[in-house]
Amino acid sequence: MTARTQIPALGLGTYRNTDPERCRDNVRTALDVGYRHVDTAEAYGNEEAVGEGIAAADVDREDVFLATKVLHPKFADGYATDDVLDSARDCLDRLGLERVDLLYGVHWPGGDYDPEATFEACAELREEGVVDHIGVCNLTPELLDEARAASEAPIQALQVEMHPLLQQERLREYCETHDITLVAYAPLGYGAVFENRVIGEIAEERGVSEARVSLAWLREKGVATIPKASTDEHIRDNWSSLEFDLDEPEIAAIDGIEQEDRQYDPDYAPAW
């Protein structure tokens, strides 16, 4: 199979999509609509359904950029090299696939997270040919420095919460400097953007959804997004954001939103 080297700008997030039939159908629908980026995780409990959705879609596997994540600190027994290796191989077994395009070797840097052990395992998985690229989630710039120093392979992606109400300027600058793709989870702020006056006014003026406005703004910032969607309507509406561009005054208006509205901040999160 040919590895994809670029992360598609818009993907399907599957967090909290735990009904197997619905998850499988959502993945298949998204791929049939045009998505080529699917994101899952060991902790989501839906990798098997995601794999089934990819298999059911009328799309070649090598055209799909698939990402998963290992060892969530809430569930992990440890972060030793063998733990990471076992977790990643279990992910592949559940997905029913021989490889993934992107493995997030860190889901959250909590518990017994050990950069040296984690990225030693990631290197071994890349040597085996079962992982093409390595990413990390929920790291600060300081933790990114540690990860980059510990990893013999480039860190391809950083996935963090980002949306117009949490604009992540410091991480955007870091990723641009170090050629890391920033991937936004919760790009609609778990619905918070629908309540924002600036987003709402732009959406009403342009005759589009607040979701399209938010996703278009993130795309303007060079950020890949993985909005979760569990209905055909939302899957298609999010996809249509690729055909919608904001003008400079609209971008400036969203840039000017003075909020730091983090929607997900668990007790195992780093010191943001």
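**Charges, contacts and salt bridges**

Analyst: Helix 3 contributes the most to the negative patch, with four residues. Keep in mind that this is a predicted model.

User: Which residues gather in that patch of negative charge?

Analyst: Asp82, Asp86, Asp90, Asp93, Asp112, Asp114, Glu116 and Glu120. They gather on the surface.

User: And which helices each supply at least two residues of the negative patch?

Analyst: Helix 3, residues 81–95, and helix 4, residues 115–128.

User: Take glutamate 116. Where does it lie?

Analyst: Glutamate 116 is in helix 4.

User: Does it count as buried or exposed, and why?

Analyst: Glutamate 116 counts as exposed because its relative accessibility is 52%. The cut-off for exposed is over 50%.

User: Switching to glutamate 62. Where is its place?

Analyst: Glutamate 62 sits in the loop between helix 2 (47–56) and strand 3 (65–69). Its relative accessibility is 35%, so it counts as partly exposed.

User: How many residues apart in sequence are glutamate 62 and alanine 186, and what about in space?

Analyst: They are 124 residues apart in sequence. In space, the C-alpha to C-alpha distance is 26 Å.

User: Now histidine 107. Where does that lie?

Analyst: Histidine 107 is in the loop between strand 4 (100–106) and helix 4.

User: Buried or exposed?

Analyst: Histidine 107 counts as buried, at 6% relative accessibility.

User: What does histidine 107 touch, not counting residues up to four places away in sequence?

Analyst: Its contacts are Ala41, Ala43, Tyr44, Lys69, Val70, Leu71, His72, Cys137 and Asn138.

User: Is lysine 69 buried or exposed?

Analyst: Lysine 69 counts as buried, at 1% relative accessibility. Aspartate 39 also counts as buried, at 1%.

User: How many salt bridges does the structure hold?

Analyst: 17 salt bridges.

User: Let's do another. What about arginine 28 and aspartate 25?

Analyst: Their side chains meet in a salt bridge, 3.3 Å from N to O. Both residues are in helix 1 (residues 20–33). Being three residues apart there, they are separated by about one helical turn.

User: And the exposure of arginine 28?

Analyst: Arginine 28 is partly exposed, with a relative accessible area of 31%. Aspartate 25 counts as partly exposed too, at 21% relative accessibility. Buried would need under 20%.

User: One more pair. How do the side chains of arginine 219 and aspartate 245 meet?

Analyst: In a salt bridge, at 2.8 Å from N to O. Arginine 219 lies in helix 8 (residues 210–220), and aspartate 245 lies in the loop between helix 9 (232–239) and helix 10 (248–255). The pair therefore ties together parts that are 26 residues apart in sequence.

User: How accessible are they?

Analyst: Arginine 219 is partly exposed, with a relative accessible area of 23%. Aspartate 245 counts as partly exposed as well, at 47% relative accessibility.

Definitions and conventions:
Residues are numbered from 1 along each chain as its sequence is written. This is a predicted model: local features need pLDDT of at least 70, side-chain atom pairs count only at pLDDT 80 or more; totals for chains, interfaces and linings use all residues. Side-chain values use heavy atoms; hydrogens and water are left out. Patches are made of residues with over 30% relative accessible area and no salt bridge: like charges are joined within 9 Å, nonpolar side chains (Val, Leu, Ile, Met, Phe, Trp, Tyr) within 5 Å. Accessible areas come from the Shrake-Rupley method with a 1.4 Å probe; for residues, only the protein chains shown count as cover. A salt bridge is a side-chain nitrogen of Lys or Arg within 4 Å of a carboxyl oxygen of Asp or Glu. Lys and Arg count as positive and Asp and Glu as negative; His and the chain ends are not counted. The place of a charge is taken as NZ of Lys, CZ of Arg, CG of Asp or CD of Glu. Buried means under 20% relative accessible area, exposed over 50%, partly exposed in between (1.4 Å probe, protein chains only). Contact means heavy atoms within 4.5 Å.
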